[in-house]
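Work through the exercises below with the sequence and the model in view. Each task is followed by a solution in steps.

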Amino acid sequence: MSLIADAFTLVFIAAGIAFFAAGTLGLVRLPGTLSRIHALTKADNVGLALILLGLLPQAASLLDAAKMVAVWLLAQLASGAAAQVMAEAVMTESKDAGDAPASGEDSR
């Protein structure tokens, strides 16, 4: 049973790391601030969920598993709220400057 739980953990943590890497790649490669925020929040949320699923079989007790799920839920709330605030700031700043925020073009 321990071998199956360890394999489950390794597969899900590797998948979570892959999603984190994809989000980082999106941050570097995507044009425009709004698309970068979108890529990061989606990929990081899925990556964190996969890592949590991988760690749940390794939890020493049900209380430890519940704590991990609670931290994940708080991270979900914080990520969504932070992305919304950043997107509104970008929209407000671009409206003040007279730019089109959704154009996806950066000045590189």
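**Exercise 1.** At what angle do helix α1 and helix α2 pack, and how far apart are their axes?

Solution. This is a predicted model, in which local features need pLDDT of at least 70, side-chain atom pairs count only at pLDDT 80 or more, and totals for chains, interfaces and linings use all residues. Residues are numbered from 1 along each chain as its sequence is written, and side-chain values use heavy atoms, without hydrogens and water.

Step 1: locate the helices, which are DSSP runs of H or I with at least four residues, numbered from the N terminus. Helix α1 covers residues 2–29 and helix α2 covers residues 33–55.

Step 2: read the geometry, with axes fitted to C-alpha atoms over the stretch in contact and angles from 0 to 180 degrees between N-to-C directions. The angle is about 170°, and the axes are 7 Å apart. That makes α1 roughly antiparallel to α2 (an angle over 145 degrees).

**Exercise 2.** Which residues of α1 are buried, and what do they pack against?

Solution. Buried means under 20% relative accessible area, with a 1.4 Å probe and protein chains only. In α1, A5, T9, G16, G23 and G26 are buried. These buried residues pack against α2.

**Exercise 3.** Is T41 buried or exposed?

Solution. Step 1: T41 belongs to helix α2. Step 2: its relative accessibility is 15%, so T41 counts as buried. Step 3: beyond its neighbours within four places in sequence, T41 is in contact (heavy atoms within 4.5 Å) with S79 and A83.

Definitions and conventions:
Helices (H or I, at least four residues) and strands (E, at least two) are DSSP runs, numbered from the N terminus. Angles under 35 degrees count as roughly parallel, over 145 as roughly antiparallel, 65 to 115 as roughly perpendicular and the rest as oblique. Buried means under 20% relative accessible area, exposed over 50%, partly exposed in between (1.4 Å probe, protein chains only).
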